[in-house]
Amino acid sequence: MKSRSSARGEPRRHGNVALLALMLCSLLALSLIRGRFAPIATSGGDAIKSEDATAVVSKAAADNDTGDDGADEAATEAAAEEKDKGDVVQPKSADASGIATAAGAAKPTCYETSRRSDTCEAAGDVRVVGSSQTVYVDTLEREWKTKPYCRKHDSFALSHVKEWSLKPLPSGAGAAPRCTSNSSATAFVLSTGGFTGNPFHDYTDVLIPAFITARPLGGEVQFLVSSYKSWWVNRYIQIFQQMSRYEVVDIDADDEVRCYRSVVVGPTFHRELGVDASRTPGGYSTADFRRMLRDAFGLERATAAPSGDRWDIRRRPRLLIISRRPSRGRAFMNERAMADMAASLGFDVRVGEPETSSDTSKFARLVNSCDVMVGVHGAGLTNMVFLPAGAVVVQVVPYGRLEWLARNTFAEPSAGMELHYLEYAVQLDETTLSEQYPSDHPVLRDPMAIHKQGWNALKTTYLDKQNVRPHLGRLKNTLLKALKMLPHGRDD
């Protein structure tokens, strides 16, 4: 019996051995494949693939409607990334020039600085040929490609950003492009393509990341701007002049071969409208960025402190209502009544509508003169960067379960700006949607059903088609809370 039973089990044992051998072979094959195609490691954060493996591409491709309020799309992306907030790229070692290099490696590297950004840094004989979007470096051993804009996961944004290549400097007589311009500054290549032109994206995608990257260089940096828009650069030229002692170059149209000792291609992103001080050399922060803005635009108020004279009219707290046209959506339909109510509480009220074509310095001075800023969720609230520390931001959140949108774009950044934050959520009887849909329609009764239809449905319904009429009694309570947060009127 034992012999017969053993004979029946013999084929089963052979089968198990064969299965185990197959699994081991599979693991060995996977290891070989991974070793062949894995990105080359660097010491500074996650590596990105070199050209001989795979060109740099955005990690999450999703077409976004640019619209006129990119803060909304950005919040959607920020929500998707919220689980990654704890991820901190390990710091790189840096040489005496301030240009980070891989520890123990002389060759330049490209690496992921955040979920939104890739950065390439190199030192040596650097030659920039802007007309072909190429950087030649003598210490480079392979070719790298990147798009220098902080929205690497967004295929729509990147479709408006030119790709740049970093290549080894050709050897041999006459092979390398000859320098026609030399500079001791660090070259900094960045793009103003993507979603620029929208104030939210101007700051969160370009200006703040540029500050993060340029600040350690102490003005010894030259901005080489790809996808150059003259009107855009002119609008923010005061900021660039604060960060650099050199002219801003339209690098795509440049016919020079510009030579430097070091180069950075692509700025570093930390967070929406903010700087993570724990990731910067010397611990510079959002407060330092705002200090630079005050210097750039000649803003007088660092803090929301009243005039020392008790009878001075400037001791009255000033409140700014960010206005929007009804045709754009999210406009205040009772703006005048709101202003009158705020004035009755003792506020010196101003109403302003920021426009892309408006004088940035002039509007920045208006915002800086205010102690409270009230606005419906939208790019106009980006002007909170100009408010003095201790001021109050009141974000009016449109109807439609959009609190997450408000949180990611403006609520969370307000803390880094040293601002107080209040939120006013629009209710069903305060939205013009109640005039457009029957009372039992899902738009009114089940907003999450609209959310499930995707971003375009949500944006069209709750952002583009909706205007608001805040209840003056409820809004009054919110403004009274704001008033208590300010030092105005106190006897101390």
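Me: In which helix does Thr204 lie?
Reply: This is a predicted model, in which local features need pLDDT of at least 70, side-chain atom pairs count only at pLDDT 80 or more, and totals for chains, interfaces and linings use all residues. Residues are numbered from 1 along each chain as its sequence is written, and side-chain values use heavy atoms, with hydrogens and water left out. Helices (H or I, at least four residues) and strands (E, at least two) are DSSP runs numbered from the N terminus. Thr204 lies in helix α4.

Me: Is Thr204 buried or exposed?
Reply: Buried means under 20% relative accessible area, exposed over 50%, and partly exposed in between (1.4 Å probe, protein chains only). Thr204 has 1% relative accessibility, and therefore counts as buried.

Me: Which residue has a side chain joined to that of Thr204 by a polar contact of 2.9 Å?
Reply: A polar contact is a pair of N or O atoms within 3.5 Å; within protein, one must be able to donate a hydrogen and the other to accept it, and residues adjacent in sequence count only if both atoms are side-chain atoms. The side chain of Thr204 makes such a contact, of 2.9 Å, with that of Glu272.

Me: At what angle do helix α4 and helix α7 pack?
Reply: Axes are lines fitted to C-alpha atoms, for helices over the stretch in contact, and angles run from 0 to 180 degrees between N-to-C directions. Helix α4 covers residues 199-214 and helix α7 residues 286-297, with their axes 10 Å apart. The angle at which α4 and α7 pack is about 95°.

Me: Which residues of α7 make the contact with α4?
Reply: Contact means heavy atoms within 4.5 Å. From α4, the contact is made by Tyr203, Leu207, Ile208 and Phe211. From α7, the residues are Asp288, Phe289, Met292, Leu293 and Phe297.

Me: Which residues have the most contacts inside the largest nonpolar core?
Reply: A nonpolar core is a set of buried Ala, Val, Leu, Ile, Met, Phe, Trp, Tyr and Cys residues joined through side-chain atoms within 4.5 Å. The largest such core has 56 residues, and its largest share, nine residues, comes from α4. Those with the most contacts inside this core are Tyr203, Phe223 and Ile239.

Me: Is Glu300 buried or exposed?
Reply: Glu300 is found in the loop between α7 and β12 (318-322). With 78% relative accessibility, Glu300 therefore counts as exposed.
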